[in-house]
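Here is a friendly note to read alongside the model. Please keep the sequence and the 3D view open as you go.

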Amino acid sequence: MRYAASRELLAPRADVWGFLSEPYHLPDWWPGLGGIQPDRRGFAPGARWQIQAGQRPSLLRRPGAAGIILIRTVEPERRLAFQLVAERVDAELELEDAGFERTVATLTVDAPFLSGVNRKTPLRALSRLYALCQTSDRL
């Protein structure tokens, strides 16, 4: 199944990327993650980060379950792609300038049926990212 959503963020692309490029921020915006331990490569293609699920159980994941995220692609200020290995969930986040201090973020998620991912997942993630990346309140 493929799900996608876009959202305009109230921050310049460089600020959004600055937030995204810190591995410890991933659980702040990606639904279902409770913690993360990046490997020595940090935010780079091929990095494998240990993840801890949140404390809310889901259909296929027990509270606090461990797993791995594989960082697939890092194109600074443009694109991030990663995979939740055990769940076989692939996510790709693309950033585009949208005018003065604005960024359009588009999140596409590919996931197998019954993975716990649904059509609301990208929108939920982008809503969290929106709240965390606001640096401007001007219209």
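The numbered points below go from the overall fold to single residues.

1. **What you are looking at.** This is a predicted model, in which local features need pLDDT of at least 70, side-chain atom pairs count only at pLDDT 80 or more, and totals for chains, interfaces and linings use all residues. Residues are numbered from 1 along each chain as its sequence is written, and side-chain values use heavy atoms, with hydrogens and water left out.

2. **The overall fold.** The protein chain holds three helices and seven strands. Here helices (H or I, at least four residues) and strands (E, at least two) are DSSP runs, numbered from the N terminus. Read from that end, the order of elements is β-α-α-β-β-β-β-β-β-α. Contact means heavy atoms within 4.5 Å; among contacts between residues at least 6 apart in sequence, 50% join residues at least 24 apart.

3. **Burial and the core.** How much of the chain is buried? Of its 139 residues, 45% count as buried, where buried means under 20% relative accessible area, exposed over 50%, and partly exposed in between (1.4 Å probe, protein chains only). The largest nonpolar core has 36 residues, and Trp 29 and Trp 30 have the most contacts inside it. Such a core is a set of buried Ala, Val, Leu, Ile, Met, Phe, Trp, Tyr and Cys residues joined through side-chain atoms within 4.5 Å. Leaving aside neighbours within four places in sequence, the contacts of Trp 29 include Phe 19, Leu 20, Leu 129 and Leu 132.

4. **Two helices that cross.** Two packed helices are described by the angle between their axes and the distance between the axes. For helix α1 (residues 13-20) and helix α3 (residues 121-133), the axes come within 11 Å and cross at roughly 110°. That makes α1 roughly perpendicular to α3. Axes are lines fitted to C-alpha atoms, for helices over the stretch in contact, with angles from 0 to 180 degrees between N-to-C directions; under 35 degrees counts as roughly parallel, over 145 as roughly antiparallel, 65 to 115 as roughly perpendicular and the rest as oblique.

5. On the α1 side you will find Val 16, Phe 19 and Leu 20, which meet Leu 129, Leu 132 and Cys 133 in α3. By class, this contact has six nonpolar, no polar and no charged residues. Ala, Val, Leu, Ile, Met, Phe, Trp, Tyr, Cys and Pro count as nonpolar, Asp, Glu, Lys and Arg as charged, and the others, Gly among them, as polar.

6. **An aromatic cluster.** Which residues do ring pairs link into a cluster? They are Trp 17, Phe 43 and Trp 49. Rings of Phe, Tyr and Trp (its six-membered ring) pair if their centres lie within 6.5 Å; planes under 30 degrees apart count as stacked, over 60 as edge-to-face and the rest as tilted. By this rule the count comes to four aromatic pairs. Trp 17 and Phe 43 make an edge-to-face pair, 5.5 Å centre to centre with 65° between the planes. This pair links distant parts of the chain, with Trp 17 in helix α1 and Phe 43 in the loop between β2 (33-37) and β3 (48-53), 26 residues apart. Phe 43 is buried at 18% relative accessible area. Its ring and that of Trp 49 have centres 6.4 Å apart and planes at 35°, so the pair is tilted. Trp 17 is buried at 9% relative accessibility, and Trp 49 is buried at 2%.

7. **Two strand residues.** Leu 95 lies in strand β6 (residues 89-97) and is buried, with a relative accessible area of 2%. Its contacts beyond four places in sequence include Val 16, Trp 17 and Leu 20. Thr 73, in strand β4 (residues 66-75), is buried at 18%. Not counting residues up to four places away, Thr 73 touches Arg 79, Leu 80 and Ala 81.

8. **Two backbone angles to check.** Most residues other than glycine have a negative phi, and most peptide bonds are trans. Arg 88, in the loop between β5 (79-84) and β6, has a positive phi of about 60°; Arg 88 is exposed at 55% relative accessible area. Glu 101 has a phi near 55° and is found in the loop between β6 and β7 (103-110). Glu 101 is partly exposed, at 21%.
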